[in-house]
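Dear colleague,

Please find below the structure for your review. My notes on it follow.

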Amino acid sequence: MAADMRLPTIRKTVSLSAAAFDRKDLVVPGDVITSDTGFMRGHGTYVDDDKLTASVAGEVQRVDKLICVRPLKTRFNGEVGDVVVGRITEVQQKRWKVETNSRLDSVLLLSSVNLPGGELRRRSAEDELTMREYLQEGDLISAEVQSVFMDGALSLHTRSLKYGKLGQGVLVQLSPSLIKRQKTHFHNLPCGASIILGNNGFVWLYPTPGQQEEEAGGFYTSLEPVSLSDREVISRLRNCLLALAAHKVLLYDTSVLYCYESSLQHQVKDILKPEVMEEIVMLTHQKLLEQEG
């Protein structure tokens, strides 16, 4: 049996400010958030002896006088407007069931998709019969949360051309709490690949597309062979995402790009080695702090 043996290496010392370690907004169950009685109790908190206390481990979020704790490890709790990446699990009457890393399967209605040709018309019985031609079990899609049902299940839509069926690429499943909320979650990175950072923790990496056929209505998927250079970039990005997630770093376009740049001095397969991973993440931390400063 082959064993992977490595010689000890000298670790580079990277200076980080004390602010990176002294996080006041992170709490564990039992931590007192505030003793001020003027605040309202939100999710993840309870009142004990007139003190607002955390009931879950997570990040304290304040909106005016409302305080809640967002759990660090939980299923995806979707909100209207969230971008998600999901997998079709079942084709039903006038709807698809979608796995989106939430407590319940999400629903994509036939009336909430663009049909090929971009036609805006009533869905007929013929459309119902051909649903599996558009999306079938196992297909990956990008979509937006349209509404939330009373039981917490999500209703999705793909009415914009930026949403729809996903073609060739790599799916990375991470914790939803690591995805930073931004104005856009679709990024064409300068390294030659594109990324969809789903709010539900599913991240899609794919070669940056050329001219897309708009008449396809979101169902066009390129089956052209992906070049070796593109596959190497996507593999490096995937390993960078896993390294950042292992060290609980928020994922957004800047952090992913800085991590990619920090990893260029190492081979793709070496990025997931513990000591290399730690060095890359520390360098990424330093670049992010310099940018903020």
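Leaving aside its neighbours within four places in sequence, which residues is Asn200 in contact with? They are Phe76, Val83, Val84, Val85, Thr100, Asn101, Leu174 and Pro176, where contact means heavy atoms within 4.5 Å.

This is a predicted model, in which local features need pLDDT of at least 70 and side-chain atom pairs count only at pLDDT 80 or more, while totals for chains, interfaces and linings use all residues. Residues are numbered from 1 along each chain as its sequence is written, and side-chain values use heavy atoms, with hydrogens and water left out.

Asn200 lies in the loop between strands E16 (193–197) and E17 (202–207); helices (H or I, at least four residues) and strands (E, at least two) are DSSP runs, numbered from the N terminus. Asn200 has a relative accessible area of 0% and is therefore buried (under 20% relative accessible area, 1.4 Å probe, protein chains only). Its side chain reaches the backbone oxygen of Thr100 at 3.1 Å.

Helices H3 (residues 228–246) and H4 (residues 253–263) pack at about 110°, with axes 9 Å apart; axes are lines fitted to C-alpha atoms over the stretch in contact, and angles run from 0 to 180 degrees between N-to-C directions. H3 is therefore roughly perpendicular to H4 (65 to 115 degrees). On the H3 side the contact includes Val233, Arg236 and Leu237, and on the H4 side Ser255 and Val256.

The axes of H4 and H5 (residues 274–292) come within 9 Å and cross at roughly 130°.

Yours sincerely

Terms used:
Angles under 35 degrees count as roughly parallel, over 145 as roughly antiparallel, 65 to 115 as roughly perpendicular and the rest as oblique. Buried means under 20% relative accessible area, exposed over 50%, partly exposed in between (1.4 Å probe, protein chains only). A polar contact is a pair of N or O atoms within 3.5 Å; within protein, one must be able to donate a hydrogen and the other to accept it, and residues adjacent in sequence count only if both atoms are side-chain atoms.
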